[in-house]
Amino acid sequence: PDIYPGNCWAFKGSQGYLVVRLAIKIYPTAFTLEHIPKAVALTGNITSALKDFAVYGLDDEYQEEGTLLGRYVYDEAGEPLQTFPVMVSLDSKIQSVR
C-alpha cells in the first residue's frame, strides 16, 4: 500500500518469480533493481533482498520458457539502486519479462 520499509511484496520461501507485461514490445538494454538501504531497514540488515536472479524475455506472459537475458547478483553492500545490462543480443522485441 505504500513504499515504507517493511511494507514489501514478499515471496514465500527462498524462490519465486514475477512476470511483467510491458505496454509495448521492446529491445531491453538493462534492468534496474532497488532495495532499501541497510540504514533504514527495520532489522538493520537487508538479508531479504533479492540475491541471485535471472531475467528472461518472453513473447507473452503465458510463455513457459523464454530467452535468458542474463544472470545477476544484487550486491547487498552496494548502492540500493543497481542496474544490470542485458547479456545477449535479441533477434526480436519482447512483450514480457520474467
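Me: Why is F84 called buried?
Reply: This is a predicted model, and in it F84 has a relative accessible area of 9%. Buried means under 20%, so F84 gets the label.

Me: And what makes Y72 buried?
Reply: Y72 comes out at 7%. The cut-off is under 20%, so Y72 is buried too.

Me: Why is the pair of F53 and F84 called edge-to-face?
Reply: Their ring centres lie 5.2 Å apart, with the planes at 85°. A pair needs centres within 6.5 Å, and planes over 60 degrees apart count as edge-to-face, so that's the name for this one. The two residues sit 31 residues apart in the chain, F53 in strand β3 and F84 in strand β5.

Me: Then why is the pair of Y72 and F84 called tilted?
Reply: Here the centres are 5.3 Å apart and the planes at 50°. Stacked needs under 30 degrees and edge-to-face over 60, so 50° leaves tilted. This pair links strand β4, which holds Y72, to strand β5, which holds F84. Ring pairs join F53, Y72 and F84 into a cluster.

Me: How do you know that the charged end of R98 sits over the ring of Y17?
Reply: That end is 4.3 Å from the ring centre. The distance limit is 6 Å, and the charge must also lie within 35 degrees of the ring normal. R98 also lies over the face of Y56, at 5.9 Å from the ring centre.

Technical notes: Residues numbered from 1 in each chain as written. Predicted model: local features only at pLDDT ≥ 70, side-chain atom pairs only at ≥ 80, totals over all residues. Heavy atoms only, no water. Phe/Tyr/Trp six-rings, centres within 6.5 Å; stacked < 30°, edge-to-face > 60°. Helix = DSSP H or I, 4+ residues; strand = E, 2+ residues; numbered from the N terminus. Buried < 20%, exposed > 50% of the residue type's maximum accessible area, 1.4 Å probe, protein only.
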